[in-house]
Amino acid sequence: MEEILKQYKTTTIENVTVWYEAANVSSFPKDGGACVKYKGKQIAVFNFDRIGKWYACQNLCPHKMEMVLSRGMIGDHKGAPKVACPLHKKTFSLENGENLNGDMDAIATYPVRIEGDKVLIGFDE
Amino acid sequence: MKNIIVIGNGMVGYKFCEKLVANENYANFKLTVFGEEPRRAYDRVHLSEFYDGKSAEDLSMSSATWYEENNIDLHVAEMITEIDRENKTVANHRGVKYSYDYLVLATGSSAFVPPIPGVEKEGVFVYRTIEDLEATEAYAKKLKAEGKLEAAVLGGGLLGLEAANAVKNLGLNAHVVEFAPRLMPRQLDKGASDMLQAKIESLGLKVHLSKQTQHIQGDKAIEGLQYVDDTELKVDMLVVSAGIRPRDEVARECGLEVGTRGGIVVNQKMQTSDPNIFAIGECALLNSMIYGLVAPGYDMAEVAVDNIVGKDNAMPEYIDMSTQLKLIGTEVASFGDALNDAKEAVDEITYVNKRNGVYKKINVTKNGKKLLGGILVGDSSDYNSLFQIYSNGMKLPEDPEDLILGSRGGDGEGLLGDVMDLPDEAQICSCESVTKGQICNAIESGEANDLGDVVGCTKAGTGCGGCKPMVKDLVDATLKSLGRVVKDSVCEHFDHNRQELYDLIQVKEYTTFNEVLDKHGNGGHGCELCKPLVASLMATIYADTANKEYAIQDSNDRFLANIQRNGTYSVVPRIPGGEITPEKLIILGEIGKKYDLYTKITGGVRIDFFGATLNQLPKIWKELIDNGFESGHAYGKSLRTVKTCVGSTWCRYGMDESVSFGIELENRYRGMRSPHKIKGGVSGCIRECAEARGKDFGLIAVDGGWNLYVGGNGGATPRHAELLAEQIDNETVIKYIDRFLMYYMRTAKPLQRTAAWLDRLDGGIEHLKEIVINDKLGIADDLDKEMSTLVNKFECEWKQAIESPEMMSRFSHFVNSEEADDNLVFVPLRDQKMPQHWK
């Protein structure tokens, strides 16, 4: 199980070596998320339309190791954007992956870029 | 940069690290920690929860990366065997040396095993670490397989009783064997012990008092306990919990002063006889005492941190050992001088209620002015108040017995009066040493705005949690004193409660979440609490299905299916009243087979398929709908089933057609969104085979019509439904249920079932009768109209979904691939499958 978790490392925009073109903007619900497959990875991508931002993080919830975060609701906690896991409502910051309602390890986050109507996710490999 | 080495990574050792990291001078130190157990510090107080399914990780005091993030060098499974005080180094069991400027011994204690002949026999365990619990569990499994079920716990103290509960949870018959003539001899008197004994014996544990064990019987493995009074107890396993012994070996060997009966001698600054070495927790001998509770251990950690960073701090000469806990489901608390150890002339006031299993005793001074201590068994709800009165030396009521009997004058005020009358230095949370002043100040200074903030910044209530009600009262009272209104707002994004939002949406006719948030929110962007709530309100008001604005729906409503443990879904078609033709049953069987779904009959008389992936959901539902089924709304906060018995159609006792009426009711209320799930039941006679009184609405056929009951549920707090009307006809039943449900949907709190709602409804069932039957508020017409809109506008949301290509695109695990989730692993279970277990 730990092996699956190791695949996901936070990537900052400076370290991006590959911008992967994932899907059209319209494939993602407004103020919601969907999952993108990239090689062996599952990435949750969120269209936070209310604040005009896009976020990406691992789809794997570190609590029970299930691929579910893209199906969670998004929102904010005191202004910080977050996603709530649909299984047990563990919440994670979309900015830095931090677990906001517990002390689990942070989840990995990835940069997102919009080019025209395409959604691109940045990876470092 | 000074090196600090901590030997021991238990609860107190961890607390030392936490306090040091939080200190402003932390940057001047390099912290290295050694723990001999294979895992990082965990919560030993709640160890028995390990058998309730909590993992070692759940019990852990910190996240895996906490030490690294805070620059702490943690060595687990590494034992320090030598301290060289002259050169200020320590060495591990392999001889590797580390140097220190300050050394902190937090080596804790080990289980004390009395030197009874035979303790080395197979089947004898101690109760101390996760490894001990694992070994005990494995042995218990082996015993059970051999049909052996008797297990004893040696020691009837606090830990012994915890251990006995754990043994019982393993499925064995637990016997508690205690040397003293009562349980918990250090905390309880005879009366309290008797009450506790009666309580735990009623749960199937056996208690043997005044028993001294001479030797342990058996050849290789234990077969029984031989007592000195020539009696015996035949058991197949023994867990020894006869006290603790401080772990002082490494201190002793390097010449630090230790007590005659063990323990590393420390002064009030927690310094040992070597001023550069500190000892804290259960290994330290302070005031000639070993303190086996976690609260004083945490205080010691703080004192040691302060003295190392150069700030004066000292432990008091007298340390309070008051404690409140739940033992084998029984509340037990003791505070102050409960056993009159001081041997002063006191007045003892006792209240014993054998009927309810409650025992309360307090000791007050002869002049009736001061509370000295007390014991509570069976009901410790007054502990916080009594503890505050005792520890702050507060004035007692004229009749001190009011403290345990309650004031019988009838003004109904709490024991303490107003929490704000407590002095600022009153300690509210003893686990984290948080005072009333700190809690109030957190709010007054603007650092905290609500209970969550206060807990976050003061840590109050994060230990045993016993003080939480008082912390909440203080937070509410402080907010009130600052003129801030304490409201039951739904979440941080709205200052409104559910009912206010309901009215706002209805009156202003909002149809999207963002409109509501923009007009009435606090400037934020919503969350997992307010989004599904607003979705549910709009569904109730406009009779919408969950397909509208699906991104604000709770995950289950977004995908119109219940998410299961591994992220797959279950599928439940509606089978109204539980009536189904053989043809339809065959169709269900074929669909289950085709998609390889785990299949089971639910508690609500229908059929549940499990293990469907997101991509499979629309395919399965298309087949179901093509064959005449519809959504069962098993995933929604909405009507689930109306359970029926077979009634007068077949039953020789039946008074009316319960199945026909059940089907009619289920079809009437299907799909309707409500504050929480709703279940119904219809029984054809008073034998009540449909368990209708355990439902939100239930009917029982009697001579002359139906008896209608409302507000029942099973769940965590079972409650029987209450009689709303008697001997009424079908039409009246429907009218009353319509009004009852609609009134509930308008006024309940989020996620409040009808049972809890009715419990808190002012005036209760009589008030409800006035509204539903007599229309006292004059709203019955509105309620009827609103309900008829919901009934008439029903649409199957799964039918909507499979007919719209746009909605169908939601049901795909990936947006850029047709594949299903490749992380899923199923294992065989009997003749079907299930998801592999969580680690």
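Two strands pair if DSSP finds at least two bridges between them. Helices (H or I, at least four residues) and strands (E, at least two) are DSSP runs, numbered from the N terminus. With these terms in hand, the report can start.

This is a predicted model, in which local features need pLDDT of at least 70, side-chain atom pairs count only at pLDDT 80 or more, and totals for chains, interfaces and linings use all residues. Residues are numbered from 1 along each chain as its sequence is written, while chains are lettered from A and ligands numbered from 1 in the order in which they are written.

E13(B) pairs with strand E14 (residues 224-227) over four bridges. B:His215 has B:Gln226 in E14(B) as its bridge partner. B:Gln217 stands opposite B:Gly224. Six residues lie between the two strands in their hairpin, where B:Gly218 takes a positive phi near 120 degrees.

E14(B) and E15(B) pair over three bridges. Here B:Gln226 has B:Glu232 as its bridge partner. This hairpin has four residues between its strands, and B:Asp230 in the turn has a positive phi of about 75 degrees.

E16(B) is covered on both faces. B:Met237 and B:Val239 are buried on one side, B:Leu238 and B:Val240 on the other. A residue is buried if 20 or more other C-beta atoms lie within 10 Å of its own, exposed if 12 or fewer, and partly exposed in between, with C-beta atoms placed from the backbone.

| Partner of E16(B) | Bridges | One bridge pair |
|---|---|---|
| E9(B), residues 124-126 | three bridges | B:Val124 and B:Leu238 |

## Helix H5 of chain B

H5 (residues 158-169) of chain B has twelve residues, which at 1.5 Å a residue should span 16 Å; its end C-alpha atoms are 17 Å apart, which agrees. The expected span is 1.5 Å times one less than the number of residues. Eleven of the twelve residues are buried, so H5(B) is largely enclosed by the rest of the structure. Among the buried ones are B:Leu158, B:Glu162, B:Asn165 and B:Lys168.

What do these buried residues pack against? They pack against strands E10 (150-154), E11 (173-177), E16 (237-240) and E21 (323-327) of chain B. After the helix comes B:Gly171, with a positive phi near 90 degrees.

## Chain A

Chain A holds one helix and twelve strands. Of its 125 residues, 45% count as buried. Among contacts between residues at least 6 apart in sequence, 47% join residues at least 24 apart. Two residues are in contact if their C-beta atoms, placed from the backbone, lie within 7 Å.

A:Thr10 sits in the loop between helix H1 (2-6) and strand E1 (18-24) of chain A. Is A:Thr10 buried or partly exposed? A:Thr10 is partly exposed, because 16 other C-beta atoms lie within 10 Å. Leaving out residues up to four places away in sequence, A:Thr10 touches A:Gly97, A:Ala108 and A:Thr109. A:Thr10 and A:Ala106 are 96 residues apart in sequence, yet 9.3 Å apart in space, C-alpha to C-alpha.

## Cores and contact

A nonpolar core is a set of buried Ala, Val, Leu, Ile, Met, Phe, Trp, Tyr and Cys residues joined through C-beta atoms within 7 Å. The largest has 85 residues. A:Val45, A:Phe46, A:Ala56, A:Cys57, B:Val534 and B:Leu617 touch the most other members. Helix H16 (residues 530-542) of chain B gives the largest share, eight residues. A second, separate core of 75 residues includes B:Met11 and B:Val303.

Beyond four places in sequence, A:Val45 is in contact with residues including A:Ala22, A:Phe28, A:Trp54 and A:Ile121.

The contact between the chains takes 28 residues from chain B and 34 residues from chain A.
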